[in-house]
Every structure is written in C-alpha cells, then in structure tokens.
Amino acid sequence: MTKQLVSLKVKCPLCQQSLMDYTHFLNAKPSIKLTIEGGGKHGVINLCSTYGCYEKTSNIELVQDDIVKLFCPHCKKELTTKAECDVCKAPIVSFALDKGGKVHVCSRIGCKKHAVSFEDIYTTLTTFYEEDLYGARDTDF
Ligand SMILES: [Zn+2]
Ligand SMILES: [Zn+2]
C-alpha cells in the first residue's frame, strides 16, 4: 500500500462551521484555522490539515510543552473535551470531520498525540482502499 497523504477537512463540533482556511495553505493544503489562547495571549493558529503532520503557524509565540486553549473562530467556544492525552495528560481538543467522525489532538505544544476516530470505520477504510487502487496519493476527506 502506498503511503498516502490524508488531508482532513474539519468543522467546529459545536456550530458546524468549517474550520478550513482556504487563504492560508500549509503543505499545499488548506490549513485548519483556530483562535488560540496561550501564555496569557490571544491569537490565531493555523494547523496543517495533513494527517500525521504537526506543522503549525501562529501569530503568538508557542512555547514548547505549554498547554494552550483552542477556540472556534466562528462561535468562539472552546474546543475541548473531557478526555485527556494518554501521553502527557493535557486536555484533548477535538474537531468534527466533514464526512463524519472526529479528529483528536493534544492541547500541549509539541505533544505528538493525534488520533482520528471515524463513526463508520468500514466505509472510511473502503474509501481508502478504493483511492489506493486508483493510485491516488493525495486523499481529501
Ligand atoms: Zn463553532
Ligand atoms: Zn499530550
């Protein structure tokens, strides 16, 4: 199976508005734009939407190992869950996937915890296989 670059399209789990920023690309893909609060500062953060990529840019300083709060830029609500990271115990932030399911990321800067859960894992896997058969290396979903 060829290694695929999976680009995630996410939306706010609370107001259902898209979190994709089509004006700010990271790794040739639209990024995920959120409002961030860290170290007493408020700003904007853009996360790479490629699954497994941890690149991000922000207009505030991101301090390694700091726990940040992420907010939806539309409804301004905090995107947090009751779950905690099994690696570092920081709160887990989750986004809704456009096609169902959720992406979970750790709120600690530098932590590599990153998980995707699908509501319908079978359909998603089938889609992956089909994409693979047709040689698509770049999957949007
Ligand atoms: Zn929202
Ligand atoms: Zn963590």
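Is Cys15 buried, partly exposed or exposed? The model is a predicted one, and in it Cys15 has a relative accessible area of 26%, so this residue counts as partly exposed. Cys75 is likewise partly exposed, at 23%.

**Zinc sites**

Cys15 and Cys75 both belong to the site of the zinc ion (ligand 1), where the SG atoms of Cys12, Cys15, Cys72 and Cys75 coordinate the metal at 2.3 Å. Along the chain these donors are spaced C-x2-C-x56-C-x2-C. Cys15 sits in the loop between β2 (10-11) and β3 (20-26), and Cys75 in the loop between β7 (69-71) and β8 (92-97), so the pair ties together parts that are 60 residues apart in sequence.

The zinc ion (ligand 2) is held by the SG atoms of Cys85, Cys88, Cys106 and Cys111, at 2.2 to 2.3 Å. The spacing of its donor residues in sequence is C-x2-C-x17-C-x4-C.

The geometry of the two sites is set out below.

| Site | Angles among the four donor atoms | Geometry |
|---|---|---|
| Zinc ion (ligand 1) | 103 to 114° | tetrahedral |
| Zinc ion (ligand 2) | 100 to 120° | tetrahedral |

For four tetrahedral donors the ideal angle at a metal is 109.5 degrees. The angles at the zinc ion (ligand 1) run from 103 to 114°, and those at the zinc ion (ligand 2) from 100 to 120°.

**Fold and surface**

The protein has 11 strands and one helix. Their order along the sequence is β-β-β-β-β-β-β-β-β-β-α-β. Of the contacts with a separation of 6 or more, 46% join residues 24 or more positions apart. Buried residues make up 39% of the 141 residues. The exposed surface comes to about 8200 Å², with 54% of it supplied by carbon and sulfur atoms.

**Nonpolar cores**

The largest nonpolar core has 22 residues, among which Val10, Leu19, Leu34, Leu79 and Phe95 touch the most other members. Two or more residues of this core come from each of β4 (29-38), β5 (41-47), β8 and β9 (102-106).

What does Leu19 contact, leaving aside its neighbours within four places in sequence? Its partners include Val10, Leu34, Leu79 and Phe95, which are also named among the core residues that touch the most other members. Leu19 is in contact with Cys12 and Cys72 as well, and both of these cysteines are donors to the zinc ion (ligand 1). Further contacts of Leu19 include Lys11, Ser31, Ile32, Lys33, Pro73 and His74.

A second, separate core consists of six residues, including Cys85, Cys88, Ala90 and Ile92.

**Backbone**

Most residues other than glycine have a negative phi. Ala28 has a positive phi of about 65° although it is not a glycine. Ala28 lies in the loop between β3 and β4, and its relative accessibility of 66% is why it counts as exposed.

Asp65 also has a positive phi, near 75°. Its place is the loop between β6 (56-58) and β7. With a relative accessibility of 49%, Asp65 counts as partly exposed.

Terms used
Residues numbered from 1 in each chain as written. Chains lettered and ligands numbered in written order. Predicted model: local features only at pLDDT ≥ 70, side-chain atom pairs only at ≥ 80, totals over all residues. Heavy atoms only, no water. Donors = N, O, S within 2.8 Å, 3.2 Å for Na, K, Ca; no water. Tetrahedral: all angles 85-135°; square planar, octahedral: opposite > 155°, others 65-115°. Helix = DSSP H or I, 4+ residues; strand = E, 2+ residues; numbered from the N terminus. Buried < 20%, exposed > 50% of the residue type's maximum accessible area, 1.4 Å probe, protein only. Contact = heavy atoms within 4.5 Å. Areas by Shrake-Rupley, 256 points an atom, 1.4 Å probe, with all protein chains shown as cover. Core = buried A, V, L, I, M, F, W, Y, C linked by side-chain atoms within 4.5 Å.
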